[in-house]
Amino acid sequence: MKEKKGLHFLKRRGIIETIGISTVVIIWQLVASFIVKKTYLLPSPYEVFFAFYTVREVILVDIYISLLHFGIGLGVGTAVGITLGALMGGFKLVDRAMDPIMEILRAIPPIAWIPFAIIWLKLTHYSAGFVVFVGAIFPILINTYTGFKSVDKIYIDAAKVLGCKKGMSLIKSVVLPYSLPYIAAGTRIGMGIGWMCVVAAEMFGASGRVGLGWRLWNRFYALHMMDKLVAYMIIIGLIALLLDRIFRYLVEERTLKWRKGMVAV
Amino acid sequence: MNHKLELRNVTKTFNTEEGEMEALEGISLVVKPNEFLCIIGPSGCGKTTLLRLVAGLDQPSSGEIILDGKEVIGPSPDRGMVFQEFSLFPWRTVLKNVEFGLEIKGMKDKARRELAEKYIELVGLKGFENCYPYELSGGMKQRVAIARALATEPAILLMDEPFGSVDAQTRNILQEELLEIWKRTKKTVLFVTHSVDEAVYLADRVAVMSARPGCLIKCLDIDIPRPRKRTSVEVNEFREQLLMLLSLERSKACISV
Ligand SMILES: Nc1ncnc2c1ncn2[C@@H]1O[C@H](COP(=O)(O)OP(=O)(O)OP(=O)(O)O)[C@@H](O)[C@H]1O
Ligand SMILES: [Mg+2]
């Protein structure tokens with residue numbers, strides 16, 4: 001009975017959502033074609049739809065390149081962030097030594113690193129990747145640290161009586177699995193920030209003349225092709241949404257099933 | 001000598017912000033093999049502290065703890081412990097929780113699984129192997145904790161008010177099951193409680209602890225044959241004695257048990 005009710009609810013939510021989106025698109029179309037009437041001020045949905053069609057080939061290349069930059073930055077950011085966060089969470093000395101510097105570095109907006117990214121890594125994929133790295137690392141690091149710090153002592157004690165000696169085996173069997181939800185949450189935030197950084201770094205041409213950001217700014221904006229620009233904006237948003245959904249599905253629903261009882265999802 | 005576990009004049013002092021705090025004062029105690037010994041005492045008298053010392057999770061300030069002729073210096077799977085609070089690893093299923101100690105030991109997959117399943121069945125949770133702790137009731141969680149503690153086949157089982165947070169009826173059932181397990185596995189059990197009823201129903205001997213700083217003030221042999229009837233005259237007599245002892249002010253001298 002409960003299930004039926006749930007399904008019914010979902011169905012209605014689907015309908016309401018469709019109505020919501022359609023309303024916005026219709027209003028947008030009406031405003032664009034009857035009030036603004038200038039494509040470069042506000043392209044209409046109809047024009048944007050055709051813009052998608054005209055950029056359909058180049059957009060795939062740009063998506064691929066931007067995802068590559070994102071992957072480089074997120075990969076390195078995750079590895080370094082988890083390692084540093086674990087070290088800081090596990091060793092008081094490391095914590096005290098690194099905390100002030102991390103606080104300062106964290107306060108610098110990742111975009112301010114673009115000049116050095118270009119100077120250090122030249123116009124390669126790595127320089128946009130570096131900016132993503134700077135954007136993604138801190139939430140991952142801080143969350144890993146928090147996870148390590150908040151392990152309940154009871155689990156450590158239980159593991160010890162079951163034969164876990166100090167050190168690595170405790171970290172591997174207790175601290176790490178306990179911290180996994182924290183790390184996952186940090187990674188999810190890091191992904192969001194990282195994706196913004198990709199677009200910004202590419203706009204500045206950090207990796208040369210490639211990527212969604214580069215084309216959006218240096219082609220479509222420069223040539224006032226606002227219909228294509230909006231098409232790119234939509235794609236950038238959709239990819240962020242998709243990445244988040246995929247992550248949630250793969251990590252939170254599969255690996256972290258055990259947390260269902262602990263948090264209100 | 002017929003000693004499984006011996007505590008010789010064990011004391012524990014905690015360093016707190018307000019200075020030193022004496023939690024245990026001169027505990028001397030002998031537990032025989034296969035014995036079911038209950039330690040009973042008011043809240044805060046140092047029962048958990050005592051069990052943690054035996055488990056090796058804390059070090060005594062003075063005195064020694066000897067298990068099977070060897071001094072206890074740190075935690076080891078030869079002493080299984082069931083904690084007062086829920087201690088199952090929430091990220092592991094029932095089966096994986098019970099397998100934990102065996103995994104650490106380096107036991108092979110198949111042997112590990114078989115052994116874990118045996119103990120899960122022993123505590124009556126067959127069919128719940130793949131549940132996560134959040135899916136279990138309080139009583140079931142403590143059963144898994146017992147299975148987990150038994151799985152490494154420890155020489156002695158340390159239980160810290162394991163049934164303190166379940167309702168009275170479940171508690172009675174769990175007590176009966178524990179006695180059954182104890183009979184079958186022939187373990188030595190050191191069981192801490194603050195419930196007089198529980199102590200009299202379970203124990204071969206009940207050692208009574210005084211309020212803080214804790215020390216043992218009396219030991220009673222509960223020589224009632226099992227299965228015991230919770231409402232029988234003998235049981236009530238012991239209950240009365242224990243209640244009387246617990247209500248005593250701190251005037252009695254410490255004794256060796
Ligand atoms: N790590 C610690 N540091 C300082 N004081 C402690 C520590 N552990 C326990 N104590 C103190 O030692 C005393 C005994 O505590 P313990 O937990 O052993 O009591 P208990 O008999 O198990 O009580 P309960 O029946 O409520 O579980 C308490 O006053 C407690 O505050
Ligand atoms: Mg206690």
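## Basis of the model

The model is predicted, so local features need pLDDT of at least 70 and side-chain atom pairs count only at pLDDT 80 or more, whereas totals for chains, interfaces and linings use all residues. Residues are numbered from 1 along each chain as its sequence is written, chains are lettered from A and ligands numbered from 1 in the order in which they are written, and side-chain values use heavy atoms, with hydrogens and water left out.

## Domains of chain A

Chain A is assigned domain 1 (1–37) and domain 2 (44–261); such bounds come from an automatic or database domain assignment. The centres of these domains of chain A, taken over C-alpha atoms, are separated by 31 Å. Contact (heavy atoms within 4.5 Å) joins four residues of domain 1 of chain A to five residues of domain 2 of chain A.

Together the two domains of chain A bury about 360 Å², with 79% of it on carbon and sulfur atoms. Buried area is the accessible area (1.4 Å probe) that two parts lose on being put together, summed over both. Trp28(A), Gln29(A) and Ala32(A) supply 91% of the area that domain 1 of chain A buries against domain 2 of chain A. Between these domains of chain A there are zero salt bridges; a salt bridge is a side-chain nitrogen of Lys or Arg within 4 Å of a carboxyl oxygen of Asp or Glu.

## Domains of chain B

In chain B, the assignment gives domain 1 (1–78 + 156–164 + 173–257) and domain 2 (88–153). Their contact takes 11 residues from domain 1 of chain B and 10 residues from domain 2 of chain B. The centres of the two domains, taken over C-alpha atoms, lie 26 Å apart, and the domains bury about 1000 Å² between them, 73% of it on carbon and sulfur atoms.

One salt bridge is counted between the domains of chain B. Glu177(B) and Arg143(B) form a salt bridge whose closest N and O atoms are 3.6 Å apart. On the side of domain 1 of chain B that touches domain 2 of chain B, β7 (156–160) and α5 (168–185) of chain B each supply at least two residues. The largest share of that side, five residues, comes from α5(B). Helices (H or I, at least four residues) and strands (E, at least two) are DSSP runs, numbered from the N terminus.

## An open sheet in chain B

Four strands of chain B form an open antiparallel sheet in the order β2-β1-β4-β5. Because β2 (19–31) and β5 (70–71) of chain B stand at the edges, each with a single partner strand, one side of each is left without a neighbour in the sheet. Strand β4 (residues 62–67) of chain B pairs with β5(B) in the antiparallel sense over two bridges; two strands pair if DSSP finds at least two bridges between them. Ile66(B) has Glu71(B) in β5(B) as its bridge partner.

## Interface of chains A and B

The chains bury about 2000 Å² between them, 75% of it on carbon and sulfur atoms. In chain A, Val161(A), Leu162(A) and Trp258(A) lose the most area to chain B, together 37% of what that side buries. The contact takes 21 residues from chain A and 23 residues from chain B.

One salt bridge is found across this interface of chain A and chain B. Arg52(B) forms a salt bridge with Asp157(A), with 2.8 Å between the closest N and O atoms. Both α7 (153–161) and α8 (168–203) of chain A supply at least two residues of the side of chain A that touches chain B. The largest share of that side, eight residues, comes from α7(A).
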